Amino acid sequence: MSMYEIESHRHEPKNFFAGDFPTLPETGIAGAAIEEYMPVAKDAAGKIVPVAATAEGEEMEVAGIAAAAAEAEEPAVYYMTGEFFAEALVLPDGVEIEALKDAFRKISIFLR
């Protein structure tokens with residue numbers, strides 16, 4: 001018996017970009033922890049935060065989609081335009097893809 005074990009790892013890439021529509025990245029300061037590919041908005045202080053669920057009939061406010069993870073008070077990079085696969089997004093609790101689609105279209109983000 002050997003003291004070394006062979007480890008097996010699997011990497012399954014996630015398709016994020018869905019087309020040729022130009023992406024426009026922007027930077028800001030995270031107001032809370034943000035995960036990669038999470039829809040984001042700006043809070044009252046102008047910091048980048050995960051989008052929040054809205055009441056039925058209320059319009060969801062979005063600023064874009066996080067390009068990378070960031071902790072609170074760290075620089076945050078997010079896409080303001082582009083074409084992305086909906087199943088690649090990391091959704092905050094209570095947020096549905098359907099609620100995001102119209103809000104994203106208004107800022108030239110298209111979900112496939």
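Let's start just after helix H1, where Ser108 takes a positive phi of about 65 degrees. Helices (H or I, at least four residues) and strands (E, at least two) are DSSP runs here, numbered from the N terminus. This is a predicted model, where local features need pLDDT of at least 70 and side-chain atom pairs count only at pLDDT 80 or more, while totals for chains, interfaces and linings use all residues. Residues are numbered from 1 along each chain as its sequence is written, and side-chain values use heavy atoms, with hydrogens and water left out.

Now step back into H1 itself, residues 97-106. Ile97, Leu100, Ala103 and Phe104 are buried there (under 20% relative accessible area, with exposed meaning over 50% and partly exposed in between, for a 1.4 Å probe and protein chains only). Looking down the axis of H1, you'd find its buried residues within an arc of 125 degrees, so they line one face of the helix. That arc is taken from the directions from the helix axis to the C-beta atoms. On the face turned away from the buried side sit the exposed residues Glu98 and Lys106.

What covers those buried residues? Strands E2 (39-42), E4 (64-66) and E7 (109-111) are among the elements that do, with contact meaning heavy atoms within 4.5 Å.

Two of these names turn up again in an open sheet of five strands, ordered E1-E5-E4-E2-E3 with antiparallel pairing. Two strands pair if DSSP finds at least two bridges between them. At the edges are E1 (25-29) and E3 (48-50), each pairing on one side only. Five bridges join E1 to the antiparallel E5 (residues 75-79), and Glu26 has Tyr78 in E5 as its bridge partner.
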